[in-house]
Amino acid sequence: MSDWMDLAKTALLGTSRAPLPPCSLSGAAIASLLSQVVERGPERRLLSAAALLKTWEQAGFVPPPGHAPLAEPAPPDDRPACPSHAAQHLAQMLQGDMRPVLEGWLGALAASGRSLPHRWLPELLDLACQKSDLRSLILPLLDARGRWLAAQHETWQKLIVPFEPEALNDVWETGSRQARLTLLHHLRAADPAQVPELLNATWGQEPAKDRAAFLATLSTGLSAADEPFLESALDDRSKQVRAVTADLLARLPGSQLVERTQARLRPLLSLERRLLGQSRLQVSLPEAYSQEMARDGIEEKPPSGLGQRAWWLLQMIAIVPPSTWSQAWGQSPGKLVNLIGETNPPRNREIKAAPMWRADGTRMSIAYTPRESRSSHKTEHGAVLLEGWSQATARHRDGEWAEALLKRWADNPWKVLSSQNAFFSSEGLSDLVLAVPQERLEGWLTSLLRAQRRSLDEAGELLTVLLHHRRPWGASLASAVLSGLYVLAAKPKPTPATWRWRSALDDFARYVPPDLVDKAEKGWPAESVWTKNVDRFLTILHFRRAMLQSLR
Amino acid sequence: MTKVSQLLLSRMELRSEIGEVATVTHWSAEQIIALAPDGQVAKAARSLARPGKWQNLGCDEQVCWGEYQGSGKIPYRTAVILEGPTFKCSCPSRKRPCKHSVGFLLLLQAEPHVLQKADPPEWVRKWLTGRAAQASKKARKRTESVADPKAQARRAVRREKRVRQGVDVFASWLEDLLRRGLGSLQSEPSSFWETQAARLVDAQAPGLARRVLGMASIPASGDGWHERLLGRLARLHLLLEAFQRIDDLPLDLQEEVRIQIGWTQDQDALRQRHGERDHWLVLGRRATEEGRLRVQRTWLWGVERRQSALILDFAPPGQPLESGLIPGTDLDAELVFWPGSFPLRALVKTRHTTCPMETLPGYPDLVAALAAYGAALTRNPWLDRLVMPVENIVPIRQGDGWAVRDAQDHLLPLTVSSDEGWRLLALSGGHPVALVAEWDGETLAPLSLWVEGELVPIGGAQ
């Protein structure tokens, strides 16, 4: 080797400046060959010797022995392997454009009891680190191999290795923000009571941004035990921290914050019973804004378009469990939401109402008749009440109220906040939809769809609800949606409303039962602006069917 | 009946009997997707692979066909000869295989029951007879086109002379480089190498030009660059020396030297030669950019011969590379090797049947594999790299990098990205597996891993 290095040194400097090394130290065989290198000029001699040495070295290369002990290999697989077809589907989801259906695949794999394909573990572990919604699906699917692999990776190991009690304080006191957040998430799942304790210890030293982020981890496993700490955090100097705290306390049905708010609301809302005719809801607005209200997270300044006092009322109603009202007044949620009369400036109800169609396709001319249950009396601030109830229902996941509010909204939507702030355009709506038992939700949606089959473009509210119904759909709901869409797609002129339905196909494709795919192939107009969306819709459905079949 | 179509039909029967989902071809969806010339075609093909889009589907022993109803009035007609595969589609796309062809194969793979055995329709028969006619015409042309032998000889002498002059000039440039020392090269622009390479192209020695171009990046490659460069220059010098006294060399080495310098082989003539029939396993492939050309190396392994073969494909950037040889398949075929002192590069003369690979026979350990490389190097000192299938290999992490350890506890570092390193670890689980890698005398770059009866491509290999 030193011969070679001598040669290389001379080559670097140039033969005009450095002498040609003698090259005699290598083994006898190569030395005799080297001695035969007799050529004109030192440059060619150098190159020939280098060629000889290099080839000699490479041709005779023997790898060095490995001294380090081998790491413990992975324990034997503890689950049957994923079928190769299923693994191919996974590859398509990870690499191609089928990524949105990955959740469905992971769910089906979990049901099959098989393990994740080892080949794609690196991508899946990366996803589990990056996306919290996928993490909870991927982690339970890790088999012996997956855990063995993750344990060796600096980032992945945080997914599986529990924190040692000794390391816990170290991480909390000196770790990075991310490490501390991870720690809190872990603890919250394992030993929820420890988190407020830990937070208390260093609370004064944390910057407001971190305090808010740490507090937010309490939302998992939230219980009455957290209340004392949260109650004290209501006095925090940061507005952001107070807002997170108030939201958490509002989600605790028996918290003092909820009780205080109930007490504030009680004099403002009442149900006036009448011997004859319908009961009436009476609403008065809060008179003044107090420091106590501010402490409980009620904001003083309203968003534009809403009066100050109505804004205070809305926020307070949003805190209190909606069952408070149905119990106090002994009325069902369905009845209560309909006691509130017209919430909008009168529209042409002829359009809004569900037109009736005869079997032969002709339209029956019936005028709109308000539901009997709906009060002809208009409740003052009724829209504020409905908006607040909706937020409260999403917060407290009340199924009965959720159903009543959804129906009321789809039938006769209210508008109290600008569309950016309104509850029904927020992500919170999916909580509301999720709160309704699936069968009831789908039964209602299906009958609505059947009634409005010919005029889906006028049923924007229905579409909004469908888009937030993010669970595998039943067959009758899916069929009803399809029938409506066929009619819509055949309409000659695209409008913004038909466009909305058309682009919703991408979302629908994730929830429509894939067994319907053969039916869904037919019924569309031959060539239209819909073709591209329908193609993609069917492609996803096909993919989902094949994907589920290979895991069956 | 070919093995593939037997397989196809038996699978179809299987499907109809027990209603089980089976593959129509032995290819996986991943392998079929890899046939697509680019990502766009792959994506489009996926969305075409639905039975509702196709009509008049059928197959016989040789060929499958179907009609795709696109946005136009007249459906596109797509047919595939599974052996090959060879595609035909009536669509106007310039990309081949087109999205319909790839989508059609994907459909057959996912839903084999859509195919009915039938007599090929007129248009398929026409295509098949057209192909046959073209093949015989080409063969005829080949035998007819014996050019004027005198003129050919004159041209050969003229080229010989030009190359000789070019080599002489280049040899003195090389000597001058060593006289001045390599130290000055770090400040040279890449045009320094490009100019020299262009001169060699003018002198009709493209093989030398390619080697010179390959050196341009070495001075900037970090520690030990001068040793790496000296190694390359020395081997180049050896080639010049060999060429200058070519008449003294054995015949096969003479041919090797001429190929290395850049004399091309007439592939049609090669095809006329006797082929070596074997079960050739497609071990892996890798595409790299060389100058303005994409080069794809596909490595085959002869089961009987225990010897590798290299299929090279070239394409300008953006153009699809030939992709008919699918890693993980076992090809009963005749290969013709380029002549030379260590025949390696080859072309497929005749394909008989294709089926999935069942085992990966390799060297028992790293020492045996490296010994085979050493033996090859003694026959062809200009060998760039060789494929090494090695059994009983454990991929391990070594510091920040990756390595493999064999049954004899020998250790060799791997050149592999971090992502692919973790994949090796995930697939092997710290247990011995069989690895296919390229060895260039310095580094070991994995191409694929054989694990649980499946060949998995690793890192950059398609």
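Predicted model: local features only at pLDDT ≥ 70, side-chain atom pairs only at ≥ 80, totals over all residues.

User: Which three residues of chain B supply more than any other three?

Analyst: Those are Arg46(B), Arg50(B) and Trp422(B), which together supply 12% of the area that chain B buries against chain A.

User: And how many salt bridges and polar contacts run between the chains?

Analyst: There are eight salt bridges between chain B and chain A, along with 32 residue pairs in polar contact, counting pairs in which both residues have pLDDT 80 or more.

User: What's an example of a salt bridge with Arg423(B)?

Analyst: Arg423(B) pairs with Glu123(A), and the closest N and O atoms of this salt bridge are 2.6 Å apart. Another salt bridge is formed by Arg44(A) and Glu241(B), with the closest N and O atoms 2.7 Å apart. Arg44(A) lies in helix α3 of chain A, while Glu241(B) lies in helix α9 of chain B, so this pair joins two chains. Over all chains, the whole structure has 46 salt bridges.

User: Switching topic, how many cavities of 30 Å³ or more turn up?

Analyst: The search of the whole structure finds one cavity of 30 Å³ or more, and the largest cavity holds about 60 Å³ of space.

User: Which residues line the largest cavity?

Analyst: The lining is made of Arg44(A) and Leu47(A) from chain A, together with Ala171(B), Leu174(B), Glu175(B), His237(B), Leu240(B), Glu241(B) and Gln244(B) from chain B. At least two lining residues come from each of α3 (42-59) of chain A and α6 (149-180) and α9 of chain B, with α9(B) giving the largest share, four residues. In type, the lining divides into four nonpolar, two polar and three charged residues. Arg44(A) and Glu241(B), both part of this lining, are the partners in the salt bridge described above.

User: Now the backbone: is the peptide bond from Arg96(B) to Pro97(B) cis or trans?

Analyst: That bond is cis, with omega near -10°, and Pro97(B) sits in the loop between β4 (86-89) and α4 (99-110) of chain B.

User: What about Gln204(B), is its phi positive or negative?

Analyst: Phi of Gln204(B) is positive, near 60°, in a residue other than glycine. Gln204(B) is located in the loop between α7 (191-202) and α8 (206-215) of chain B. As background for both details, most residues other than glycine have a negative phi, and most peptide bonds are trans.

Key
Residues numbered from 1 in each chain as written. Chains lettered and ligands numbered in written order. Heavy atoms only, no water. Buried area = accessible area lost by both parts, 1.4 Å probe. Salt bridge = Lys/Arg side-chain N within 4 Å of Asp/Glu carboxyl O. Polar contact = N/O pair within 3.5 Å; in protein donor to acceptor, adjacent residues only side chain to side chain. 1 Å grid on protein atoms, 1.4 Å probe; cavity = no way out; pocket = protein on both sides within 12 Å on 5 of 7 lines; lining within 4 Å. Points joined across faces, edges and corners; volume = space filled by probe spheres on them. Nonpolar A, V, L, I, M, F, W, Y, C, P; charged D, E, K, R; others polar.
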